[in-house]
Amino acid sequence: MNISRRKLILGGGAICAAGAVAGVLPPMLKQEGRLVAGKPRYGFVSGTEGNIPKAADVVVIGAGILGIMTAINLTKKGLSVVILEKGNIAGEQSSRFYGQLITYKMEGQTFMLHHLGKQHWREMNAMIGADTSYRTQGRVEVPFDDDDLDNVTKWIARKKEEVGGTNPLQTRIIEGNELKRRLTGAVSTWKVAGFEEDSGSLDPEIATFKIAEYAKRLGIRIYTQCAARGIETQGGAVSDVVTEKGSIKTARVVLCGGAWSRLFMQNLGVDLETLPAYQSQQLISGTVGLPGGNVALPGNLFFREQADGTYATSPRIEVIPIVEDSFKYGYKYLPLLAQPDAAVHLSINEQLLNSFKQKKNWKLDEISPFESNRDMVALPDVKDLDRSLARLRAEFPAFNHSTVIDRWSGAMAVAPDESPIISAVQECPGLVVNTATSWGMTESPVSASIAADILLGDTPVLDPKAFSLYRF
């Protein structure tokens, strides 16, 4: 069952009812969208050895890219920071991202989060003294119809005026020979496209691990296989973080738990509204006669050249599993129905039953769900990847000489407006959340800065109201 990506998720009951009427429940039952135990993809950085400390200025929960970047920001402000990770560093989504850093067609503060994020990434290699795999890599996107082209043209004019000349927008319309050069080897005769000249690219098997190594060089302690079970308070404010290996006294906590943030917050009695989404992709070998850079074409054709000459490619189809929370607040995602984009596959599988069985509350002296779910990864949808690769080879015959190197799926937690949640938690002073993003790699330098400023009471570079936990 296909719907627009940015139409996203209907209320679970409405989805199931519509599926039954349309006779598509059997296909939905065949879709992937299940979590299984896994490990970091290719890269590995070991955690800090020894016992956890008795106290720290700040405890960051989660050693993905958001957690590590947040810890770096806080450390540079002179604070002692400890990161707690239930599994391994970048064991889940942060070693499985698609790796494109773009602003194309984005709006509001999320656009600025990405626009500033690209600038930070251009400076990242020099800052950490290592190659993160980042490179500025132009991105071509062919509009899917005349209305889309008109909207993009207006968007470019509007955003150029908005950002000004200090860090200018570098997106323009291209056609003719320039477009033909950038789509070398294409069978179709594409007439016009949007070109984001300063689009960036990062490779998931490299980037987060290089940033983690830098964090450790700064003195940040990252304790892996050490799940944070919850938070204790004194006078209503944060006083301790309780882990499976003891407690750490602190008055400041930043939760960067990715897809697990909602469950952690549920045990605190705070409703962090997100729903899960998975996206499959694959890595294939490169060959002669292919365009470089980053390409998006109608028909769900997406590919991005990596630093070593291989290609990451994805149909950009999000698999949305129906879970218990879909029935609770899936209706809040209905406004996204008006926004066309790539396809979504709905999935009814064992994750629906598991979501009802999942323990939502536990005592801090009990084993938490995080200790039973160390590095959990989503299974890729092989059929979608096969179909996508066949379409890619039909459009660019040179890809017929490419072989599949790896296939995987990334797991995300998406808020009703698809913007991240970067916010103080009113119910628990001293706690800030930095989570709920499907663009964590792009956003991480700036979202980390915002989270650190909120925690310390400083003025963030962007108004955080757009990212508030309470905006819904």
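## Charges over aromatic rings

Arg-304 lies over the face of Tyr-98, 5.7 Å from the ring centre. A charge is said to sit over a ring if NZ of Lys or CZ of Arg is within 6 Å of the ring centre and within 35 degrees of the ring normal. A lysine provides another example: the charged end of Lys-159 sits over the ring of Phe-111, at 4.5 Å from its centre.

The structure is a predicted model, in which local features need pLDDT of at least 70 and side-chain atom pairs count only at pLDDT 80 or more, while totals for chains, interfaces and linings use all residues. Residues are numbered from 1 along each chain as its sequence is written, and side-chain values use heavy atoms, with hydrogens and water left out.

## Aromatic pairs

A pair of aromatic rings is described by the distance of the centres and the angle of the planes. Rings of Phe, Tyr and Trp (for Trp, its six-membered ring) pair if their centres lie within 6.5 Å; planes under 30 degrees apart count as stacked, over 60 as edge-to-face and the rest as tilted. The structure contains 10 aromatic pairs. Among them is the edge-to-face pair of Phe-111 and Trp-155, with 5.9 Å from centre to centre and 85 degrees between the planes. Phe-111 belongs to helix H4 (residues 108-122) and Trp-155 to helix H6 (residues 146-163), so this pair ties together parts that are 44 residues apart in sequence. Helices (H or I, at least four residues) are DSSP runs, numbered from the N terminus.

Phe-111 is buried, with a relative accessible area of 0%, and Trp-155 is buried at 2%. Here, buried means under 20% relative accessible area, exposed over 50%, and partly exposed in between (1.4 Å probe, protein chains only). Phe-396 and Phe-399 also form an edge-to-face pair, 6.2 Å centre to centre and with 85 degrees between the planes. Phe-396 is buried at 0% relative accessibility, and Phe-399 is likewise buried, at 0%.

A disulfide is a pair of cysteine sulfur atoms within 2.5 Å. By this rule, the structure has 0 disulfides. The cysteine sulfur closest to that of Cys-256 belongs to Cys-428 and is 15 Å away, which is too far for a bond. Cys-428 is accordingly in no disulfide.

Both side chains can also be described by their accessibility. Cys-256 is buried, with a relative accessible area of 7%, and Cys-428 is buried, with a relative accessible area of 5%.

Note on methods. Helices (H or I, at least four residues) and strands (E, at least two) are DSSP runs, numbered from the N terminus.
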